[in-house]
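Here is a friendly walk through one protein model, arranged by topic for reading beside the 3D view. Please have the structure open as you go.

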Amino acid sequence: MNRKIKNVAILGSGVMGSRIACHFANIGVSVLLLDITPKELTEDEKKKNLTTDHKAVKNRIVNTSLQNTIQSKPAALYHKDAIKLITTGNFTDDLDKIKDCDWIIEVVVEQLEIKKQLLEKVDSLRKPGTLITSNTSSIPIHLMSEGRSDDFRKHFCGTHFFNPPRYLRLLEIIPTPETDQEVIDFLMHYGDLYLGKTTVLCKDTPAFIANRIGVYAIMRIFHLMQELELTVDEVDKLTGPAIGRPKSATFRTADVVGIDTLVKVAHFVYGACPNDEARELFKIPPFVQKLVDHNWIGDKTKQGFFKVVKNAEGKKEFWAIDPKTSEYVLNPKPKFPILESLKQSDDLRTKMSLAVKGNDKGALFYRKLFFGLFQYISNRVPEIADELYRIDDALVAGFGWELGPFATWDAMGVKETTDAMIAMGLEPAPWILEFIKSGKSSFYRTEMGRKKCYNPASKTYETIPGSDAFIILENYASQVVWKNSGTQLLDIGDGVLNLEFKTKMNSIGGEVLEGVQKSIAIAEKDFCGLVIGNDAANFSAGANLAMMLMLAIEQEYDELDMAARMFQNTSMRIRYSSVPVVVAPHGLTLGGSCEFTLHADKVLASAETYIGLVEFGVGIIPAGGGTKEMTLRASDAYQDGAIEFFELQKRLLTIAMAKVATSAHEAFELGILKAGRDEVVMNPSRVIAEAKRSVIELSHSGYTQPAPRHDIRVLGRSALGAFLSGMNGMLQGRYISEHDRLISEKLAYVMCGGDLSTDTRVSEQYLLDLEREAFLSLVTTKKSMERIQSILTTGKPLRN
């Protein structure tokens, strides 16, 4: 069936309903968001002499919920204009409008009877063939479809989004035995391609996959914390980035999500899973129950496991609950020898193998945590999933783990770890012992660039379905064409190369500049094009500031000049190669990496790309071609009828305010991405594959090396004078510092083409020379060096 989704109805406008509505609006789908009508008037409504029949009153709940979501942080919308796609209403007046919708999603309160009553009405109003799904996190899906029409049951399914749906990539698809296979296939595909989700097919079991395993892991941590007498701070230190988990770790995450929500899921699993061997672990520890009893349930009540306290100096401190006394205390900074050992490697798999081998309390915590987790997941196959990768995908996408539990077991060594588990009295399921006895040593393997996963039912390795749509660079480890200390060039097939950065935070230094130049040369000789992309958490944090600061402190002007020239030459090499170069940014794409992006033949950006020219914040201007390129783009806009000064001012302020797009969609508005040329990819796992496709398309369509530009129109003294006057006014009003004015003057000088008496046509090289000269004059000033030092030591810009 050629199913199209143009209109979606969201029934229920609470935190999840409103945010799901916003995410559909993000991708351009029209949304009808409905909720109940209030039974009583507010005091403000009474003063206005409104009645409960007034439209503003009837839609108060839905409109308030949506406004709260729009104003929440992090932002639910990619772009403010997306809100125009959401229409609000109420169940009393507007439920019949669902007949015009292609997909109806129920997101009301988690009570079976309320859901069934609403779905009965939906069944009578929907048009045949319309998708109907529920966002329940716990209620069995099949119970909700009981008594509904045949067509309803065929098109009904569970779709469990995780909060916040824009940022957490998991979408669990839970069919009933009566759900049509076409519906299941469509939801799996649509969620992946259009919503940017990791879609995981789940069985209709209690808490499905992610919450069943994730909440088990949290509950085990709660009990281990008491057993080993660890503090809240110590546990969060052990369960955060050190082992590839989110920075919010365990307790901070619980505060954000809501301790009450966690407790509800644990209670539900305890009651719904009488045969679960770890059932007793889901009992709420007394210290957690006390928090719930006091309504100290996290961020929404201003305190939970943590509480913000101001000290005598007025500075904020994070005090943590003491599980023994239920009092808030300021714990000392956690220290564990095992954490120092983990710092020896940047490779997460190596870290995981080290984590369980130490002799301190931290290592003992890791052994008890992971060995218990491995035992638990082995016993959940095939109860909650037949395939191991589904469990891993759910935890990675839903809980932010960098490695799923089976992948972690692989990293620690399956046989070695299993032996240690048995010695600790945590024997895994029989199929694991059979797996090891057969001589197999890992759950995953890679063959011909394709990832395969062991299937316990067939006892063979099977290609993960849908993986053909993704290019995972670690699967091409045997296809290295060239590498240096900071980059690696891979042959990803069909005549296309991919260059990935391998430096810390993928920062750009001499090794990366060399890598880009070398990769383009190799591509021009033997391949049809190049992708610049990687699978790291962020594309690149920008230029290597530490190296820049060292040269500036030592006043190595020639070295700085050479470094700036090399950066500019590399950006221009990207622009003027004889083969197409496509950049595939995602996550943080700052400073120099933004400049690379600006010079690409095409950009395939992940929707969650946070990109900008941020150099002003460290006291310099973009000098890798970024200032030149923004001036060039302003000139091109003049040709399209833009008002000259205002267009240049907009571009200048983008740099001067160090604006960073909060999504790839916003990057178009900032002029960083080009409409009609660049594309946004919703699913970050597809970005490199889509970039490869673009390289092939450009190559096959007769790609020709562009010619350097000599026709860039700069406005000269007239615009420069206006800018300088404005900067003086900002200084006099104390909106900027003296150093800010200096940087702004240098930036304006470059973007106006210098002190020219009239507007003039100049070349790219002319602007590059001005850009580089301005950079060199700024980077060696005391105040710019102080700003760079501040970023390196505190991560925060200094306003001096």
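In which helix does A56 lie? A56 lies in helix α3 (residues 55-58), where helices are DSSP runs of H or I with at least four residues, strands are runs of E with at least two, and both are numbered from the N terminus. This is a predicted model, in which local features need pLDDT of at least 70, side-chain atom pairs count only at pLDDT 80 or more, and totals for chains, interfaces and linings use all residues. Residues are numbered from 1 along each chain as its sequence is written, and side-chain values use heavy atoms, with hydrogens and water left out.

**Around A56**

- A56 is partly exposed, with a relative accessible area of 43%; buried means under 20%, exposed over 50%, and partly exposed in between (1.4 Å probe, protein chains only).
- The C-alpha atoms of A56 and E45 are separated by 9.1 Å, and these two residues are eleven apart along the chain.

**Aromatic pairs**

- Rings of Phe, Tyr and Trp (its six-membered ring) count as a pair if their centres lie within 6.5 Å; planes under 30 degrees apart are stacked, over 60 edge-to-face, and the rest tilted.
- By this rule there are 33 aromatic pairs.
- One of them joins F287 and F305 in a tilted arrangement, 6.3 Å centre to centre with 55° between the planes.
- F287 belongs to helix α14 (residues 286-293) and F305 to the loop between α14 and β9 (306-310), so this pair ties together parts that are 18 residues apart in sequence.
- F287 is buried at 2% relative accessible area, and F305 is buried at 0%.
- F374 and W409 form a stacked pair, 4.8 Å centre to centre with 5° between the planes.
- Because F374 sits in helix α17 (residues 361-379) and W409 in helix α19 (residues 405-412), the pair ties together parts that are 35 residues apart in sequence.
- F374 is buried, with a relative accessible area of 0%, and W409 is buried with 0% as well.
- Ring pairs also build a cluster, whose members include F365, Y366, F370, F374, F406 and W409.

**Charges over rings**

- A charge sits over a ring if NZ of Lys or CZ of Arg is within 6 Å of the ring centre and within 35 degrees of the ring normal.
- R245 lies over the face of W401, at 3.6 Å from the ring centre.
- The charged end of R279 sits over the ring of Y270, 3.9 Å from its centre.

**Nonpolar cores**

- A nonpolar core is a set of buried Ala, Val, Leu, Ile, Met, Phe, Trp, Tyr and Cys residues joined through side-chain atoms within 4.5 Å.
- The largest core has 115 residues, and those with the most contacts inside it are L11, F305, F365, Y366, I391, F406 and F443.
- Helix α10 (residues 210-227) supplies the largest share of this core, eleven residues.
- Leaving aside neighbours within four places in sequence, F406 is in contact (heavy atoms within 4.5 Å) with residues including I377, V381, L388, I391 and W431.
- A second, separate core of 78 residues includes L549, I672, F723 and L747.

**Strands and sheets**

- Two strands pair if DSSP finds at least two bridges between them.
- Strands of a sheet pair through backbone hydrogen bonds, either parallel or antiparallel.
- Strand β4 (residues 103-106) pairs in the parallel sense with β1 (residues 7-11) over four bridges, with V8 opposite W103.
- β4 also pairs in the parallel sense with β5 (residues 131-134), again over four bridges, and E106 has S134 as its bridge partner there.
- From β4, W103 and I105 point one way and I104 and E106 the other way, and all are buried.
- An open sheet of three strands has the order β9-β10-β11, with antiparallel pairing.
- Its edge strands are β9 and β11 (328-329), each pairing on one side only.
- Two bridges join β10 (residues 316-321) to β11, and A320 has V329 as its bridge partner.

**Helix α26**

- Helix α26 (residues 626-639) has 14 residues and reaches 20 Å from first C-alpha to last, close to the 20 Å expected from 1.5 Å times one less than its number of residues.
- Twelve of the 14 residues of α26 are buried, so this helix is largely enclosed by the rest of the structure.
- The buried residues pack against elements including α24 (557-575), α27 (644-656) and α31 (738-751).
- G641, which follows α26, has a positive phi near 95°.
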